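Open the model in your viewer and keep the sequence panel beside it. The stops below say what to select and what is there.

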Amino acid sequence: FHSQEENMFSIARNTLAAARRASTTGVPSLKFGARAMSSDSVTFDLTGSFETHNLDTAPNNEITMSKEELLGHFQLMYTMRRMEITCDNEYKARNIRGFCHLYDGQEAVATGINAAFDKEDSWITSYRCHCIALARGGKVNEILAELFGNKGGMTDGKGGSMHFYSKKNNFFGGQGIVGAQVPVGTGLAFANKYNAKPGEDMNVAIACYGDGAANQGQIWEAANMASLWKLPMIFCIENNHYGMGTSMERHSSHSDYYKMGNHIPGVRIDGMNILAVKEGMRFVKEHCGSGNGPMYVEMMTYRYHGHSMSDPGTTYRNREEIAMTRSTRDPLEFVKKTLMEAGFAEADEIKSIEKRIRKEVQAETKKAKEYPDVELSDMFDYVYADEMAGRKQEKQDFIRMPDYAKSVRK
């Protein structure tokens, strides 16, 4: 137990000053200046929420939020939490099969990035992708139907937990192979630069991956290309402190992940604080989109569940560590307390919102189960480029064949 306890406090020591402060206050300090607290907006102090590398500038140490904005972020985060709890229950009931990686504890990361981004920005992530799919415009019933293997799923029930995708929302999915999303994300950044209009800021691309993937060789290669070509690419490490069941102290000789790009600038953000994530990612998007090249971002966060549903999550860390994080740094409790401290909402109002969302997720779960199962014949849809009678296919403009003369043209 003693070694586990040391590891628990090692994690605390590696978090940001803002996160350590949150363990005692629970909420960020409020900074009003000339702006008094009102029903319209409040300015929050973010001092200590960021660390930078190879940068002359940094994110602002304050952010102004309206009641509508902060309540909207809370509702999305709480929906994420209830959806993932539902996934846990449905997996244990054997209604969800195969791999299933849950995101509860990390909700502020996805919500904050989405709040800072435009819909035209490109996003690709790892297999822990349910909540990012929701943030990028997905519906709870679509996500759960995908997990159930039903036709109403986001990818027609054929992708499952690790392979959500929505081209219309510029969400290019989860990736089942560790780190493999990063080169693809770099390609998305290349496309955004290629398609940008002269004189205008570029849309950015972000690839999210965990600390366990951070030393993948393909990431170094992608970073080199992104730097050479000054691509609007964001390498985002969601540092939840464990690569599967191995702590970052044991699996990485370099644990300051935001410095891993060497000469590439980086920023470390308190990933349990939605306000810090939103302001930090606003800064990162502006930097990368204006032609300054890529940036490394390290989100200091934590996952409550094990690596996947097959991992109890308590063999390499103790329950006290998980309980301490829940009680001192939970991103949802942070937002709830912030809403009340700012005078945006009373406890009863927040409870009413939570009750409504629980009912909505229950209804969405029921709807997801009502979709028909995927049929065997559906497996052949979107496989071939040429038309097949009775099948849904996509005709490609050009397919390069080994013998170029035999290449297929539309």
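Select arginine 268 and aspartate 256: their side chains are joined by a polar contact of 2.8 Å. Arginine 268 sits in strand β9, residues 266-270. Is this arginine 268 buried or exposed? Arginine 268 counts as buried because its relative accessibility is 5%, and the cut-off for buried is under 20%. Keep in mind throughout that this is a predicted model.

Now show the sheet that holds β9. Six strands make up this open sheet, and their order is β2-β9-β10-β6-β5-β4, with mixed pairing. At the edges are β2 (50-53) and β4 (122-124), each of which pairs on one side only. On average, neighbouring strands of the sheet are turned by 20 degrees against each other, direction ignored.

Within the sheet, select β5 (residues 205-210) and β6 (residues 233-239). How do β5 and β6 pair, and over how many bridges? The sense is parallel, and there are six bridges. Cysteine 208 is found opposite cysteine 236 of β6.

Helix α4 lies across β4, β5, β6 and β10 (295-300), and runs at about 165 degrees to β4. Helix α8, residues 217-228, lies across β5, β6 and β10, at about 145 degrees to β6.

Turn to isoleucine 234. Which residues does isoleucine 234 contact, leaving aside its neighbours within four places in sequence? They are Phe117, Val204, Ala205, Ile206, Ala207, Met281, Val284, Cys288, Met295 and Val297. The largest nonpolar core has 72 residues, and Ile113, Ile234 and Met281 touch the most other members. To see a second, separate core, select Phe172, Val182, Ala214 and Ala222, which are among its 23 residues.

Move on to helix α12, residues 331-341. Its buried residues are Pro331, Leu332, Phe334, Val335, Lys336, Thr338 and Leu339. To see what covers them, show the elements around α12, including β1 (41-45), α3 (67-92), α4 (107-116), α10 (274-292), α11 (319-329) and α13 (347-370). The N-terminal end of α12 is capped by aspartate 330, with a side-chain oxygen 3.1 Å from the backbone nitrogen of leucine 332. Just after α12 comes glycine 343, with a positive phi of about 80 degrees.

Two loop residues come next. Most residues other than glycine have a negative phi. Asparagine 170 is not a glycine, yet its phi is positive, at about 55 degrees. Look for asparagine 170 in the loop between α6 (140-148) and α7 (181-195). Methionine 244, also not a glycine, has a positive phi near 55 degrees. Its loop runs between β7 (242-243) and β8 (246-247). Methionine 244 counts as exposed because its relative accessibility is 52%, and the cut-off for exposed is over 50%.

Finally, zoom out to the whole protein. There are 13 helices and twelve strands. Of the 410 residues, 53% are buried. Among contacts with a separation of 6 or more, 71% are between residues 24 or more positions apart. The protein exposes about 18800 Å², and 50% of that comes from carbon and sulfur atoms.

Methods
Residues are numbered from 1 along each chain as its sequence is written. This is a predicted model: local features need pLDDT of at least 70, side-chain atom pairs count only at pLDDT 80 or more; totals for chains, interfaces and linings use all residues. Side-chain values use heavy atoms; hydrogens and water are left out. Buried means under 20% relative accessible area, exposed over 50%, partly exposed in between (1.4 Å probe, protein chains only). Helices (H or I, at least four residues) and strands (E, at least two) are DSSP runs, numbered from the N terminus. Contact means heavy atoms within 4.5 Å. A polar contact is a pair of N or O atoms within 3.5 Å; within protein, one must be able to donate a hydrogen and the other to accept it, and residues adjacent in sequence count only if both atoms are side-chain atoms. Accessible areas come from the Shrake-Rupley method with a 1.4 Å probe; for residues, only the protein chains shown count as cover. A nonpolar core is a set of buried Ala, Val, Leu, Ile, Met, Phe, Trp, Tyr and Cys residues joined through side-chain atoms within 4.5 Å. Two strands pair if DSSP finds at least two bridges between them. Axes are lines fitted to C-alpha atoms, for helices over the stretch in contact, and angles run from 0 to 180 degrees between N-to-C directions.
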